[in-house]
Amino acid sequence: MSTTGATADPLAALGLLPGVADSVESVRKAVDRVYGHRIMRRRSNEITSEAALRGARGSAALSGADWALEEVRRRTDFSGDDEARVVGGALRLTAEAGQLLSIWRQSPLRVLARLHLVAAADKADQVGRPRQQGEPVGEPLIEQPLPDADEVSGRLEGLSELVIAGSSAPALVLAAVVHGELLALRPFVSHNGLVARTAERIVLVGSGLDPKSVCPAEVGHAELGRAAYVAAFEGYVSGTPEGMAAWIAHCGRAVELGARESTAVCEALQRGAA
């Protein structure tokens with residue numbers, strides 16, 4: 001998303017795109033249903049923990065490690081094959097996200113670097129910094145042309161400025177833009193999808209839309225499927241109003257499905273307590 005010639009609040013116009021207001025309202029209602037559940041008033045920590053686990057599983061699935069939830073819950077060693085390392089990275093990111101909320105609004109680039117460091121769990125020179133010219137990028141799901149290092153640097157700075165300046169746009173809009181921009185840029189040599197989806201979560205939680213982090217959009221993205229995810233992302237990359245609206249709506253639907261998942265967890269806990 002280019003910010004050249006931007007207004008003081010360049011995201012505000014996105015909130016006015018056809019259908020976006022409906023998506024925002026639908027998300028708000030879905031989130032309110034979870035937070036209004038009586039189990040949330042007594043056992044919100046359990047719901048948050050379960051949402052974190054399910055969100056990590058969903059994000060890993062989109063990155064090619066589609067494990068059953070119980071396998072993710074059971075496993076303790078994630079140092080084996082490539083899929084295990086992806087799942088381990090997703091779990092670490094989910095745990096780390098809550099620690100970075102206070103830093104995000106002041107220094108989003110610092111947070112992104114930290115997220116990549118946590119995802120990679122590696123001390124290699126390429127970890128925890130934007131990729132340099134000529135460095136390869138491993139991101140099997142996204143096949144869009146890769147921006148060069150100079151473009152990545154400029155657009156990351158633009159994204160950082162948007163976050164720091166704040167916006168009157170709905171949280172869903174900012175979360176979708178952060179997610180889409182990071183997927184488009186693929187600023188790191190690896191784990192860009194995991195980082196992008198974690199950044200989306202940070203925006204949704206930090207904005208106050210989902211302060212207890214119980215509406216994992218990653219669950220919804222995985223449920224909607226990789227093909228739908230890529231198709232919606234192509235709308236973002238197109239930069240057209242219709243494409244941007246479709247991407248925002250897709251992200252909104254993912255949040256709704258995440259909220260539905262946690263509502264089902266609340267219902268299960270309620271039946272167990274009855």
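Author: Start with S190, which is in contact with H116 and G138, its neighbours within four places in sequence left aside. This is a predicted model, so local features need pLDDT of at least 70 and side-chain atom pairs pLDDT 80 or more, while totals for chains, interfaces and linings use all residues. Residues are numbered from 1 along each chain as its sequence is written, and side-chain values use heavy atoms, without hydrogens and water.

Reader: What makes H116 and G138 contacts of S190?

Author: Contact means heavy atoms within 4.5 Å. H116 and G138 meet that rule with S190.

Reader: Why is S190 called buried?

Author: The relative accessible area of S190 is 18%. Buried means under 20%, exposed over 50%, and partly exposed in between (1.4 Å probe, protein chains only). So S190 is buried.

Reader: What makes the link between S190 and H191 a polar contact?

Author: The side chains of S190 and H191 are joined at 2.7 Å. A polar contact is a pair of N or O atoms within 3.5 Å; within protein, one must be able to donate a hydrogen and the other to accept it, and residues adjacent in sequence count only if both atoms are side-chain atoms.

Reader: Where does S190 lie?

Author: S190 lies in the loop between α8 and α9. These names follow DSSP runs, numbered from the N terminus: helices are H or I, at least four residues, and strands are E, at least two.

Reader: Why is H221 called buried?

Author: H221, in helix α10 (residues 217–224), has 0% relative accessibility, so it counts as buried. H221 touches L62, H179, E200, Y229, H250, C251 and A254, not counting residues up to four places away in sequence.

Reader: What makes E50 buried, and which residues does E50 touch?

Author: E50 lies in helix α2 (residues 38–62). Its relative accessible area is 15%, so it is buried. Beyond four places in sequence, E50 touches L69, R73 and V265. The side chains of E50 and R73 make a polar contact at 2.8 Å.

Reader: Why is V265 called buried?

Author: V265 lies in helix α12 (residues 241–273). At 12% relative accessibility, V265 is under the cut-off, so it counts as buried. V265 touches I47, E50 and R54, residues up to four places away not counted.

Reader: How are helices α6 and α7 placed?

Author: Two packed helices are described by the angle between their axes and the distance between the axes. The axes of α6 (residues 108–120) and α7 (residues 149–165) come within 9 Å and cross at roughly 120°. Axes are lines fitted to C-alpha atoms, for helices over the stretch in contact, and angles run from 0 to 180 degrees between N-to-C directions. P108, L109 and L112 of α6 meet L156, E157, S160, V163 and I164 of α7.

Reader: What makes a pocket a pocket, and what volume has the largest one?

Author: On a 1 Å grid over the protein atoms alone, a pocket is an open set of points where a 1.4 Å probe fits, with protein on both sides within 12 Å along at least five of seven lines; lining residues have an atom within 4 Å of a point. The largest pocket has a volume of about 230 Å³. Of its 14 lining residues, the closest to the centre are R105, L174, V203, G206 and S207. α9 gives the most to the lining, with 3 residues.

Definitions and conventions:
Grid points are joined across faces, edges and corners, and a volume is the space filled by probe spheres set on the points.
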